[in-house]
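Please look over the model shown below, with attention to its sheet and its aromatic rings. The report then takes these topics in turn.

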Amino acid sequence: MSLGPCFGFCPVYDVTIDPKGKVVFDGQRHTQVIGRRERMLKPRDYAALVRELAPFRPASGTTAPIECEVAISDTGTYTISWIDAGGRTTVATHRRRCPSGAGHDLDQVLRDLPTRLGIADWARQTTRPDVPRG
């Protein structure tokens, strides 16, 4: 999963989780930690996350947006990628803070994701004077 820039000073980072529970965080901009950090999840936590994201997964090998009836244009965009054993990638994109529908439901899953993955401190929004917004 990647969280892209917004109009302001939103955290920008990538995080990958493998089936064994290895979490790799890469803070890129406006995060407390810039660069790579790793930690481990319990396999049951990985399985729970897979179940919760399953309703939002597009057809295998495709890329699709998670629709939002009224999208807020200056928020960051999530890109969620699933890579199967054969290397085929499936991608869902989603603009944060959707007020209703499937996008709102996905927001509910993603809101607590940093805490659940143990990366909340690393991903915490941090404004640095030498880094522009966006």
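## A helix across the sheet

Helix H2 (residues 101-111) lies across E6 and E7, and runs at about 100 degrees to E7 (axes are lines fitted to C-alpha atoms, for helices over the stretch in contact, with angles from 0 to 180 degrees between N-to-C directions; contact means heavy atoms within 4.5 Å). Helices (H or I, at least four residues) and strands (E, at least two) are DSSP runs, numbered from the N terminus.

This is a predicted model, in which local features need pLDDT of at least 70 and side-chain atom pairs count only at pLDDT 80 or more, while totals for chains, interfaces and linings use all residues. Residues are numbered from 1 along each chain as its sequence is written, and side-chain values use heavy atoms, leaving out hydrogens and water.

## The sheet

Seven strands make up an open sheet of mixed pairing, in the order E4-E3-E2-E1-E6-E7-E5, where two strands pair if DSSP finds at least two bridges between them. Strands E4 (35-40) and E5 (63-65) stand at the edges with a single partner strand each, so one side of each is left without a neighbour in the sheet. Strands E6 (residues 77-83) and E7 (residues 89-95) pair in the antiparallel sense over seven bridges, and Ile83 stands opposite Thr89 in E7.

## The aromatic cluster

Ring pairs link Tyr13, Phe25 and Trp122 into a cluster (rings of Phe, Tyr and Trp, the last by its six-membered ring, pair if their centres lie within 6.5 Å; planes under 30 degrees apart count as stacked, over 60 as edge-to-face and the rest as tilted). A search of the whole structure finds two aromatic pairs. The rings of Tyr13 and Phe25 have centres 5.3 Å apart and planes at 40 degrees, so this pair is tilted.

Phe25 counts as buried at 0% relative accessibility (buried means under 20% relative accessible area, exposed over 50%, partly exposed in between, with a 1.4 Å probe and protein chains only). The rings of Phe25 and Trp122 have centres 5.8 Å apart and planes at 45 degrees, so that pair is tilted; it links distant parts of the chain, with Phe25 in strand E3 and Trp122 in helix H4 (residues 120-123), 97 residues apart.
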